[in-house]
Amino acid sequence: MPSTDALVDHSPPYPDGLPSPRTPLRHRRHGIFDIAFEERNSDPTLGISHLILGWLRGTRGNVPYARRLCAEIFSLAPWPLLTYLACNIWLSVSSALNLFFLSRLLNVLEDSLSTPGIQPEMFQIIAEMWLSFALISVGVDRVFTQSRDRIRSHLRAHFIPKLIDEQPLLFPISGSFDSEVPGWNFVHHLTRKMRICLTLLSQVVVLLYAISHKQSPEKELLMTFCIVHPILRWLAPSNGIGSEGYVFWTDSAPYKRLKALYGLAFSPQYRGDLTLDGVTSGLGTEYRKTSGNLGIVTDSEPYPWVGGLLRSWYWDFLINLTLDLPLAVYALTLPSRMSASSVTSMALLQQATNTLAISIGEYGMDPSSLSELFAQAKWLYDGISYESTTINGHMPYPTDKSKKSGMSISFRNVCLEYPGSISPALDRVSFDVSAGQLVLVVGANGSGKSSMLKLLARLFDPTMGEILIDGNAVDTYNVEQLRRTMVFLSQSPVIYPGTVRDNICIGLPHAHRPGKGSAPLDGACRKGGCTDFVTKLPNGYDTQLAPTFSFENDFCDGTYGIVSERLRQELQTRRGRRVDISGGQKQRLAAARTFMRMTDDTRLVVVDEATSSLDPVAERDLLAEFRASRNGRTMIFVTHRFHHLAREADQIICMREGTVVERGTHDELINLDGEYSKLYDAQS
Ligand SMILES: Nc1ncnc2c1ncn2[C@@H]1O[C@H](COP(=O)(O)OP(=O)(O)OP(=O)(O)O)[C@@H](O)[C@H]1O
């Protein structure tokens with residue numbers, strides 16, 4: 001298998017520290033959806049001790065990372081962090097405090113009912129405290145947001161550059177961080193856990209306090225009934241699905257088709273092509289027909305809050321029943337003792353029980369376990385200290401900087417198999433390219449031309465065989481230095497989010513970045529054939545080609561609520577206009593980028609089918625510019641339209657199905673009447 005970081009997903013298959021699932025998967029059906037989940041702890045005799053032991057075993061290894069992250073965050077932003085924690089503590093206990101004041105107020109009310117006209121100062125104190133409490137809550141809310149944003153800014157500024165500096169193209173970021181601000185998820189969920197626990201604790205204390213201060217004989221009974229609901233809610237067994245997470249999918253063809261039709265009808269990106277493809281009507285009819293095929297089914301996605309998914313119906317029934325138990329018992333069994341005061345007390349107790357139930361529900365919904373959070377801390381430090389698995393040699397390249405020459409390349413029985421593919425992309429490929437040669441690589445689609453060239457830049461390593469550069473195995477050289485001497489213009493050039501200037505100068509060290517209107521930038525632009533269209537852009541080199549940021553996501557597209565047309569236009573002007581450029585212009589811009597990167601150290605230039613969108617004149621001019629910049633460098637062209645390069649090439653490598661079938665000059669190959677002559681004739 002090719003040993004390459006770009007190919008191999010290094011993110012842990014299962015979060016470090018979590019027990020690796022050994023039990024078989026269980027499946028359930030929910031409407032048109034299939035659900036799969038892992039059943040943990042199927043042996044009931046192992047019980048809770050097994051769970052705790054498993055948790056400890058899984059988490060222990062990551063505790064040092066979590067501790068290190070906590071310490072690092074504290075040293076980065078001590079005051080914002082302390083403020084954030086203090087706010088969290090306040091917000092945790094505020095609902096309990098609220099209840100406490102309410103209970104005190106009701107007690108005073110009760111007392112004043114039995115002894116009219118007393119305790120006006122008590123009323124005043126409670127009212128003042130209540131008001132201050134409300135005011136403090138407003139303040140805390142704002143300070144909470146500010147401290148949160150400060151911590152996030154510190155984390156972003158601290159961790160992202162560290163992660164980016166460590167071989168950004170190779171580190172498998174996706175799957176390891178679920179936040180744009182590394183470390184934030186850890187802080188957020190850890191404090192959330194603390195908050196939920198504190199909330200629960202304070203609410204239980206207030207509830208017990210409220211009950212214990214009642215001077216009624218049924219106190220114990222009440223206390224029991226108030227606690228039954230939360231306890232039941234906590235302990236009610238789930239049917240296995242909710243305990244660790246689950247995946248769901250559907251095989252329903254009509255449902256998938258409905259989704260696709262919806263996407264076609266409402267996604268602006270398809271509009272133009274749909275019209276060109278003649279799909280201007282009939283989508284509605286198709287939708288109606290498919291909808292009929294699907295029928296009336298349960299198609300709400302099986303999220304945990306969907307009724308009946310997590311617990312059996314009788315547990316849900318019991319939980320609901322116990323919610324109103326205190327009031328029901330009070331009303332049914334003790335009617336003789338009911339008074340106005342006991343009704344208000346009951347209302348209070350009921351509210352306390354409900355709040356507690358909500359908090360417990362929130363605890364149950366908290367998706368991240370501590371072990372996952374600790375594993376996230378480990379991922380972060382793994383990312384920072386990430387070392388590429390690509391073998392990095394110690395030999396500098398070029399070995400002799402003063403000698404300006406091209407790169408000599410040899411492939412010896414090179415094979416490449418992409419992970420998961422059924423046939424090799426390259427099968428025992430061998431050839432030699434001398435320094436300074438102009439080489440043409442030709443062959444049908446999928447014959448392995450691009451794969452072969454990517455091996456030179458060590459985007460992948462061969463599965464078998466050997467590649468030599470200037471007579472030495474490619475992995476004896478320092479990868480970075482080797483790559484710096486190669487310039488690639490690829491088949492589908494990417495336009496990066498940024499300005500025209502950013503796009504041409506990307507990859508240049510900051511010190512070498514040209515200023516406004518500098519000669520190297522103008523030169524690269526001219527050689528790439530983009531001077532004309534760039535000068536016509538609204539801001540020339542500084543035209544933004546794609547937005548550098550976007551807040552368009554599932555929740556928000558820069559608007560909130562129902563906005564007027566005037567507001568939309570305001571947003572449009574403020575957001576800045578995105579300039580779209582054509583496919584050919586993109587190729588020209590990418591070519592300019594390639595010329596910009598050519599320096600005295602460049603030993604190899606690879607142009608991989610990079611002129612497919614250019615008009616014939618632009619293609620001819622661009623290839624002429626490349627040839628003019630040869631200057632002793634080795635140059636490899638991959639192209640399907642090669643007749644005007646064929647005679648000039650020192651060597652033509654002709655490929656078919658991952659192997660080199662013919663190799664030589666044009667004159668040698670054309671008379672063979674083989675693959676090459678077939679391809680050549682097809683162009684004429
Ligand atoms: N990243 C990849 N993962 C898996 N398979 C790949 C990958 N890239 C290429 N392939 C497969 O490898 C084979 C060779 O592809 P390659 O792109 O090298 O051919 P090509 O000669 O450059 O084709 P074209 O002329 O269409 O550009 C193809 O079968 C392709 O499907």
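Two strands count as paired here if DSSP finds at least two bridges between them. Keep that in mind as you work through this predicted model.

**Exercise 1. Work out which residue of S7 is the bridge partner of Ser410, and how S4 and S7 pair.**

Step 1: Start at Ser410 and look across to S7, where its bridge partner is Leu468.
Step 2: Now take the two strands as a whole: S4 and S7 are joined by 5 bridges.
Step 3: Pairing needs at least two bridges, and the sense of the S4 and S7 pairing is antiparallel.

**Exercise 2. Describe how S7 connects to S8.**

Step 1: Strand S7 covers residues 464–469, and it pairs with S8 over 2 bridges in the antiparallel sense.
Step 2: For one of the residues involved, take Ile469: its bridge partner in S8 is Asn472.
Step 3: Look at the turn. S7 and S8 make a hairpin with 2 residues between them, and Asp470 in that turn has a positive phi of about 50°.

**Exercise 3. Decide how H18 and H21 lie relative to each other, and say which residues make the contact.**

Step 1: Helix H18 spans residues 519–528 and helix H21 spans residues 583–597; their axes come within 7 Å and cross at roughly 135°.
Step 2: As for handedness, H18 passes H21 in a right-handed crossing.
Step 3: On the H18 side, the contact uses Pro520, Ala524, Cys525, Lys527 and Gly528. H21 brings Arg588, Leu589, Ala591, Ala592, Phe595 and Met596.
Step 4: Sort these contact residues by class and you get 8 nonpolar, 1 polar and 2 charged.

**Exercise 4. Describe the shell around the ligand.**

Step 1: There are 13 residues around the ligand, and Tyr418, Ala425, Asn445, Ser450 and Ser451 come nearest.
Step 2: By class, the shell has 9 polar, 2 nonpolar and 2 charged residues.
Step 3: Helix H15 (residues 449–456) gives the largest share, 3 residues.

Note on methods: Residues numbered from 1 in each chain as written. Predicted model: local features only at pLDDT ≥ 70, side-chain atom pairs only at ≥ 80, totals over all residues. Near = placed C-beta within 6 Å. Helix = DSSP H or I, 4+ residues; strand = E, 2+ residues; numbered from the N terminus. Nonpolar A, V, L, I, M, F, W, Y, C, P; charged D, E, K, R; others polar. Axes fitted to C-alpha atoms, helices over the stretch in contact; angles between N-to-C directions. Parallel < 35°, antiparallel > 145°, perpendicular 65-115°, else oblique. Left-handed = near helix turned anticlockwise from the far one by under 90°. Contact = placed C-beta atoms within 7 Å.
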